[in-house]
Amino acid sequence: MLALSALLLTGCSAFTNKAATSSATSTTQSALAAPRTDAVTPAPVPPPATTGVLPTREVSLTIDDRGDLGEIVVDSTGHALYAFSADQPDEPTCYDACADTWLPLLASGAPAGTIGIDVASVHSVPRSDGGNQVTYKGTPLYRYAGDTGDRVANGQGLDMFGGEWHVLRKDGRPLA
């Protein structure tokens, strides 16, 4: 009888371990999914906006792993940074209402980069409305007013103000 009890407990234990292993394996597989490259998303109505003077501060760029987005460029506070498809290299084109929703990343001094950032490719360019906007590899950088926190990228893939908005991948190219 003792041998039969031991056999039953061993069988239940093996079944439990197999279920736990299967669960862990499926979790690991989903964590390794390809980066999200959603189709262009229509703009929210009304678009989120800020008012007032845009903040100018010391800026440092870094890389952060955002799971389904992969490794993206963020500022030192962890906020996702975006590229606007209508911009030309070193020439921001988002002003007025656009800049109320897509906040230009303005620097008070020379912008910097941390591990994973090509520091030689971090610069700033003058804006026609004042201030110096940070660029990475020639791409003017923006924050989205609709991002509610430092680990959020709600602006990825939006189509607003005459162009598409995408986070920047680790290599500095938009995730399109």
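Mentor: The torsion about the S-S bond of Cys94 and Cys98 is about -110°, so this disulfide is left-handed. Keep in mind that the model is predicted. The sulfur atoms of Cys94 and Cys98 lie 2.0 Å apart. That is within the 2.5 Å cut-off, so the pair counts as a disulfide. The count for the model comes to 1 disulfide. A disulfide is a covalent bond between the sulfur atoms of two cysteines.

Now the surroundings. Cys94 has a relative accessible area of 0%, so Cys94 is buried. Cys98 has 5%, and is therefore buried as well. The cut-off for buried is under 20%.

Turn to Glu58 next. Glu58 sits in the loop between strand 2 (56–57) and strand 3 (60–65). Its relative accessibility is 70%, so Glu58 counts as exposed. Along the sequence, Glu58 and Pro111 are 53 residues apart. In space, their C-alpha atoms are 6.6 Å apart.

The largest pocket has a volume of about 160 Å³. Its lining has 13 residues, and those closest to the centre are Ala83, Phe84, Asp87, Thr139 and Pro174. Strand 5 (82–84), strand 11 (139–140) and strand 14 (163–167) each give two or more residues to this lining. By type, the lining residues divide into 5 nonpolar, 5 polar and 3 charged.

Key: Residues numbered from 1 in each chain as written. Predicted model: local features only at pLDDT ≥ 70, side-chain atom pairs only at ≥ 80, totals over all residues. Heavy atoms only, no water. Buried < 20%, exposed > 50% of the residue type's maximum accessible area, 1.4 Å probe, protein only. 1 Å grid on protein atoms, 1.4 Å probe; cavity = no way out; pocket = protein on both sides within 12 Å on 5 of 7 lines; lining within 4 Å. Points joined across faces, edges and corners; volume = space filled by probe spheres on them. Helix = DSSP H or I, 4+ residues; strand = E, 2+ residues; numbered from the N terminus. Nonpolar A, V, L, I, M, F, W, Y, C, P; charged D, E, K, R; others polar.
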